[in-house]
Amino acid sequence: ASACARYGGSVRRRAAGPDEAPEAGADDGAGDGADEGGPYDLVLALTTAGPLPAVTETALAGFRRGPAPGDGPAVGPDIGPVIGTAGGDERIGDEGYVVARHEGVTVVLADSATGLLYGLFHLVRLGEEAFGAARPAEHHRPAARLRMLDHWDNVDVHPVMGQVERGYAGGSIFWRDGALRDDLTRVRAYGRLLAACGVNAVTVNNVNVHATETLLLTDRLRDVAAIADRLRPYGVRVHLSVNFAAPVALGGTATADPLDEDVRAWWAAVTARVYEAIPDFGGYVVKADSEGQPGPHAYGRDHADGANLLAEALAPFGGVVHWRAFVYNHRQDWRDRSTDRARAAYDHFTPLDGRFRDNVILQVKHGPIDFQVREPVSPVIAAMPRTRVAVELQVTQEYTGQQRHVCYLAPMWSEVLGFRPWGPAGPGVAHVVAGDVADGAAGGGLVGVSNVGDDPYWTGHPLAQANLYAFGRLAWAPSSDPAAILDEWIGLTFPAAAGGNDATGGDDGRLREALHEIMDDSCGTYERYTVPLGVGFMVRPGHHYGPDVDGYEYTPWGTYHFADRDGVGVDRTRATGTGFTGQYPPPWSEVYESLARCPDELLLFFHHVPYGHVLHDGTTVIQHIYDTHFAGVEEVERARLRWAELAGLVPDAPHARVRELFAEQLRCAEEWRDQVNAYFLRKSGVPDARGRRIP
Ligand code: BDP
């Protein structure tokens, strides 16, 4: 009841019979169902022996528990038919639940405490509807078993990257002044927030593991255990990013060679101690031989040797290694056009398919480069049938406006998850991560780089909360409609919108409608005023905020657009380019190879074309650049004005915060428009057909 009330819903309880008068405390509703018989409006029950989760107990304070497990059906006769319609004796599954409304009683059933908790949050989402008309039993369970957020948090404040690497929401919620925070109340609240979204795993430190953070594995393990204690009640397991060279760095061994016996023994012993402190510890995350992080290459070993070393140590305890596939040469010779960063992960990892232990998960960024607003889906996802693959998304908005711009990312993620690498008849990315591909490996789940910090709104930009929510919801149910997820988030977040059209203080749907207008296609808007047609990386070097068209063009990072006076784009074809298109299975290898068939939005990712090249809609590339940049800025201006109209419907403080951020977004969008348009006007010499002002 308290959970429902907090989220704007309510739990009504009937007048109780003489034997079952519940204690005071939970009845915050109308209590008008007495004539339907039976003492309860709501029953949450476990199908198996086991304690109720503590947080559910709290939420149910005042409700009677059913008979102890083993004494027959968990709670009275009402549940029988629900179990029947839910598929008889089929297990509901570790995190699953069944929800139904039957003869005036809303029932949530689960096999486990965590499942029950997810069922409770399902009711919170339904609000009043959960207690309305009868509903047949629905069985819900997550598509992906692992739904993880990686925190790029440093314990110490890093001199260049700050505390949260690529964090735009203040400091870390875990660490402060080089140590664990004294007060972990917020971490507990975070656990609840994550459970409400469906996230069940968290990595508490940055993938770039610096000196202090290396110690989390040993001397500072107690801190990790304290975080795990706060998150455990919400079904969230803790993982740790580890430094591959930790055995040497911590003074245990002379080498970190994965095939060395002392190194294996060191990891085994250290890992056993981790599990003594945190029995449900999730496992390790490793960025190895990437952007300066140590790895097995230094010892002439490969990524499979490295990953298997850690997997072997974790296996006795059921832990997993998330081994990142973000491996490329960041010191390449930019004058040599034959190197292609997009190819790197595939070239490194596909020869290793089949060599990874079962508890290794290869964590692959969704695109082949690095979280740009438009990239094709990484070909690695379809190329490792004998390896567990997880897809990594960037919830933190490093390249999508840094939580100063509104950019609702769910439509992009949903496109990625729905992408079918083997063509329309084959399975999709969502099936790969769920392990739902015939003859494929078990799934590795979905990982997101967290966008949360100690900001009072959690995410800096209050509307960026929707990205966190959508990440969890898509990991649970990848085919969910992004607009429907947003709709849920709006209802849960803004009490006025939750009131809907009724006479109880609702806003007649105005807020809901406006937020959809502002957010539904905000990622499309961002794409329009920033980088054209999939070319990527026209950002300011280092911090990656705002435009700098040539910022990376003559650097060793491998992210180029190759614009000159004649044309723009990267030739990644087999015929004349880097051959990257050949990393896809058909039909995509052919579609991307073909200038005629390549989707417009990815044209410059795959092809170098003249400015006069005509897109499928009849516009030339150069005119498309001008048009989209003008349109994007106009869309931001419309969204800004729309938001201004919501004063009074949204609480004052978040309203003011978003209003200020919109001013910055507009300024920055205009800067993007002007720099990109001016750059291409000067390179090409082709004027805007509509004669608009280009600086
Ligand atoms: C890049 C970020 C960098 C990360 C790196 C990674 O700019 O801060 O360390 O990804 O994923 O996008 O390891």
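A crossover is right-handed if, with the strands pointing away from the viewer, the path from the first strand over the helix to the second runs clockwise. In this predicted model, β12, α10 and β13 form a right-handed β-α-β unit. A further right-handed β-α-β crossover takes the chain from β13 through α11 to β14.

**Strand pairing**

Strand β13 pairs with β12 and with β14. Histidine 322 of β13 is the bridge partner of valine 285 and stands opposite isoleucine 361 in β14.

| Strand pair | Sense | Bridges |
|---|---|---|
| β12 and β13 | parallel | 4 bridges |
| β13 and β14 | parallel | 4 bridges |

**Burial of β13**

Because 5 of the 5 residues of β13 are buried, the strand is largely enclosed by the rest of the structure. Both of its faces are covered: one side carries Val320, His322 and Arg324, and the other carries Val321 and Trp323.

**Helix α10**

Helix α10 covers residues 303-314, and its 12 residues should span 16 Å at 1.5 Å a residue; the end C-alpha atoms lie 17 Å apart, which agrees. Since 10 of the 12 residues are buried, α10 is largely enclosed by the rest of the structure. A residue counts as buried here if 20 or more other C-beta atoms lie within 10 Å of its own. Among the buried residues of α10 are His303, Asn308, Leu309, Leu310 and Leu314. The elements covering the buried residues of α10 include the strands β12 (283-286), β13 (320-324) and β14 (360-365), together with the helices α9 (261-277) and α11 (344-349).

Note on methods. Residues numbered from 1 in each chain as written. Predicted model: local features only at pLDDT ≥ 70, side-chain atom pairs only at ≥ 80, totals over all residues. Helix = DSSP H or I, 4+ residues; strand = E, 2+ residues; numbered from the N terminus. Expected span 1.5 Å × (residues − 1). Contact = placed C-beta atoms within 7 Å. Pairing = 2+ DSSP bridges.
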